[in-house]
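Please look through the sequence and the model below before reading on.

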Amino acid sequence: KEAKLWGGRFEESVTDAVERFTESISYDKQLYKHDIMGSIAHASMLAHQGLISASDRDSIIDGLNEIERRIENGEFNWRTDREDVHMNIEAALTDMIGEPAKKLHTARSRNDQVLTDFRLWCRDAIDKILKSMKHLQVSLVTLALKNKDLIVPGYTHLQRAQPVLLPHLLLAYVEEIERDAGRLVDCRARMNFCPLGACALAGTGLPIDRFMTSDALGFTAPLRNSIDAVSDRDFVLEFLSANAITAVHLSRLGEEWVLWASEEFGFITPSDSVSTGSSIMPQKKNPDPMELVRGKSARVIGDLVTLLTLCKGLPQAYNRDLQEDKEPVFDSVKTILGMLEVSAEFALNITYNQERIQKALPAGHLDATTLADYLVKKGVPFRTSHDIVGRSVALCTSKNCQLLDLGLDELRSINAVFDEDVYEFLGVENSIKKFSSYGSTGSACVASQLDYWVKKLETN
Ligand code: ARG
């Protein structure tokens, strides 16, 4: 067995079970790019500070670049007995260049190293997610533009409520994703501080320059407190919280599309390219991708809960428990990226069934609130008008008709204030025309919302 990098004081080698149980290479090898970046910045700083020679620095950097090349070409031998990504790369560097490699870990611990890698990795992950979020927003806006004037039932309690323009509904999701993106941007800014040089927990007496490595790696500044730098994981907790909120939003979108694709609603038809079938029922065409968007949100929420539970009650500073922080983060990122991608693809492959929607609109008295507003405009106090329209609806129910089918005499029998102009307020088309408040579903309001998003998504 090869001696461990930390093996000096040990008289026995660890058992196979311990080796298997404590390794993290099986998953933290994903950090290799950032580990190498961090090591190159560290070696450059060590040379600049006179802690290693320029020629040692050069052979370290050349060696690390060669290791990166080998990893990317699948020529690198990842070894479980070398525990994690950091020791795999350092040991391979030693195999390759000998003596100079032994100087790389000067004024560094795996504790600050792993966090440097992890923050760099998360920073890149956030950038990827932001891109994917924008793509989903663009896809939703595209879908909205294709169905600009389509009126659909709006629901509360999943009961017919008021008519809305479809773009209005779709833009609600665009707004949610915009805030999700904003949370990631905030989180990225708070995350972007450099742990490197905090060493195990206490810093070092060697003359390092933490500002130099921080700059080289594109961080805003070094973290101020070395104990904090190696022990806290709030940057990933915040990241996973943001992902969990995004996942909840996407699960709602998924639910809506699953529901609308059902025979009962029948409002949308997803294309075959985004549907799957049944192994037994030949007629089936299921909206599985969006069911899985709904389902996978569970993992993203679970990942956050795992990490919160992991960190709860840990004493300062680094504890090996913290090695368990990687998998939930990798899982959360991979899952959320998949959810965003497939939601965008679904959006681009939906047809709204105009006829079916048209047939649905008359039911449920979607124009009742507009009618109440009509009475308010005539000077009736809202509570009274609510009651008058309520009684008009009851009359419709008994006659099995819509509000616009009631004759003026019938309406007047309920209250004399009704006039001929009432029919301009009835029916969903008329009703939509009456909405005018900022942010409402009125055509002009929705058109300006659409305009806002088209411009915003083009320019950023
Ligand atoms: N693989 C470890 C982790 O992910 C690296 C840090 C190990 N530090 C230590 N003192 N054993 O947390």
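## The nonpolar cores

A nonpolar core is a set of buried Ala, Val, Leu, Ile, Met, Phe, Trp, Tyr and Cys residues joined through C-beta atoms within 7 Å. In this predicted model, the largest nonpolar core has 98 residues, and the members that touch the most other members are L93, C122, L140, A144, L170, V174 and W257. Helix 6 gives the most to this core, contributing 15 residues.

Returning to W257, and leaving aside residues up to four places away in sequence, its contacts are I268, P287, M290 and F346.

## A glycine in helix 10

G254 belongs to helix 10, which covers residues 234-260. Is G254 buried or exposed? G254 counts as buried because 25 other C-beta atoms lie within 10 Å, and the cut-off for a buried residue is 20 or more.

Not counting residues up to four places away in sequence, G254 touches M290, E291, V293 and R294. The C-alpha atoms of G254 and L314 are separated by 37 Å, and these two residues are 60 residues apart along the chain.

## Around the ligand

The residues surrounding the ligand are S24, D28, D84, R110, N111, V114, Y318, R320, L322 and Q323. Sorted by class, this shell has four charged, three polar and three nonpolar residues, and helix 6 (residues 110-146) gives the most to it, with three residues.

## An annotated region

An unreviewed UniProt entry lists residues 366-433 as "domain: Argininosuccinate lyase C-terminal". Over residues 366-433 the chain is 60% helix and 0% strand, while the end C-alpha atoms are 13 Å apart.

Notes. Residues numbered from 1 in each chain as written. Predicted model: local features only at pLDDT ≥ 70, side-chain atom pairs only at ≥ 80, totals over all residues. Near = placed C-beta within 6 Å. Helix = DSSP H or I, 4+ residues; strand = E, 2+ residues; numbered from the N terminus. Nonpolar A, V, L, I, M, F, W, Y, C, P; charged D, E, K, R; others polar. UniProt positions renumbered as here; feature names shortened; annotations may be inferred. Buried ≥ 20, exposed ≤ 12 C-beta atoms within 10 Å, placed from the backbone. Contact = placed C-beta atoms within 7 Å.
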